[in-house]
Amino acid sequence: MLTGAGVSAESGLPTFREAQTGLWAQYDPEELATPQAFRRNPRLVWEWYAWRRQLAAAAQPNPAHVALAALAQRVPECTLITQNVDGLHTRAGSVNPIELHGNLSRVKCFDDGRVVEHWQATADPPPRCPDCGGMLRPDVVWFGELLPRTALDAAIAAAQACDVFLSIGTSGLVEPAAALPRIALQCGATVVLINLDVPTRATPPLYAINAKAGELLPALVDAVWPTPDSIG
Ligand code: OAD
C-alpha cells in the first residue's frame, strides 16, 4: 500500500496539490522545501515546518489510518509505504511504515545529516546541532534531494512482490513514489487507486475508485478481509 496526503485530509491536514486548499497552492515550494531555500532563509523554512509539525501533532488519525492498521493484522504480509511525514499511520497502530519522505517529528543536522534526538528550541531559529553547531533542519525529503535509500529499496521490493497494491490519497505526480504502482502492475499485481482525482474504473488488473479514504477504507477492508467480528 502506498499512501499520500489525501489519507490525512480527513484528519484536517492540507494536501499539496489540490486547488485552493493544497499547500503548494498557497506556498511556493521553491521558498520552503529545497536545500537552497533553507540556505537562503533558514528561519522561514524552520518556522514553516514547525507550524506543520504542530498541525500534525494536534491532528488525530482518521478511519482511513485505522483501517490500514487493521488490514495489516488481517493479511499474512502487508507493507505500508507512505509519502506522509505526519506520523499518523504510526499513531493509528501501523508498525514500522516505510516513510519515503521522512518524518516531521525528527530533525537532523543540515551539515552532516545525522539525526539529532535532543535539541533545544531557541528564540532565533533554527536551533543548532549539539554536536557540531550546524543548523538543524526537519528530517524530511526536500525537492532535489534523494529519498532514504533503505526505505526506497524496501518500497520497490514490496511493490515487486505483492499480489495487491493499494495506492491511496496520492496524486501520483512525485517520483520515485509514483513509480511504485507501475512497478507492481508490471510484476503482475492487481492495483487499486483510491483518491478524488480518478474516474472510477474496473478493468483488471487496474481498478480506480473515486472516494474519500476515510469513508471507503473501513468498509473495503471489512468486505475483502473480514474477521469473525466484522461479518454480518
Ligand atoms: P497531493 O496533494 O499531490 O495529492 C493528494 C491526493 O489525495 C489527490 O489525488 C486527491 O484527490 C487525494 N485526496 C484528497 N482528499 C482525499 C480523501 N479524503 N480521500 C482520498 N483521497 C483524497 O499529495 P501527495 O500525492 O501525497 O513531498 O504528494 C506527494 C508529495 O508531494 C508529498 O509527499 C510532498 C509533496 O511535494 C515532499 O514534501 C517531499
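Predicted model: local features only at pLDDT ≥ 70, side-chain atom pairs only at ≥ 80, totals over all residues.
Colleague: Which atoms of phenylalanine 16 and aspartate 197 lie at a polar distance from the ligand?

Modeller: For phenylalanine 16 it is a backbone N or O atom, 2.7 Å from a ligand oxygen, whereas for aspartate 197 it is a polar side-chain atom, 2.5 Å from an oxygen atom of the ligand. Taken alone, the ligand exposes 790 Å², of which the protein buries 96%, the areas coming from the Shrake-Rupley method with a 1.4 Å probe.

Colleague: How many residues surround the ligand, and which are the closest?

Modeller: There are 24 residues around the ligand, with Glu10, Phe16, Thr170, Ser171 and Asp197 the closest; a residue is near a molecule if one of its heavy atoms lies within 4 Å of it.

Colleague: Why is threonine 34 called buried?

Modeller: Its relative accessibility is 5%, and buried means under 20% relative accessible area (exposed is over 50%, partly exposed in between, with a 1.4 Å probe and protein chains only), so the label follows. Threonine 34 lies in the loop between helix H3 (29-32) and helix H4 (35-40), where helices are DSSP runs of H or I with at least four residues and strands are runs of E with at least two, numbered from the N terminus. A polar atom of the threonine 34 side chain lies 2.9 Å from the backbone nitrogen of alanine 37. Not counting residues up to four places away in sequence, threonine 34 touches Pro29, Trp142 and Phe143, contact meaning heavy atoms within 4.5 Å.

Colleague: Why are proline 61 and tyrosine 27 called partly exposed?

Modeller: Proline 61 has a relative accessible area of 23% and tyrosine 27 stands at 30%, so both values fall between the limits for buried and exposed. Proline 61 sits in the loop between helix H5 (42-58) and helix H6 (63-74), in contact with Ser11, Leu88, Arg91 and Ala92 once neighbours within four places in sequence are left aside. Tyrosine 27, in the loop between helix H2 (23-26) and H3, touches Leu32, Trp48 and Trp51, again without residues up to four places away in sequence.

Colleague: What makes the phi of glutamine 20 worth a remark, and why is glutamine 20 called exposed?

Modeller: Its phi is positive, about 75°, although glutamine 20 is not a glycine, and its relative accessible area of 69% is above the limit for exposed, so the label holds. Asparagine 96 also has a positive phi, near 50°, in a residue other than glycine, and with 68% relative accessibility asparagine 96 counts as exposed.

Methods:
Residues numbered from 1 in each chain as written. Heavy atoms only, no water. Polar contact = N/O pair within 3.5 Å; in protein donor to acceptor, adjacent residues only side chain to side chain.
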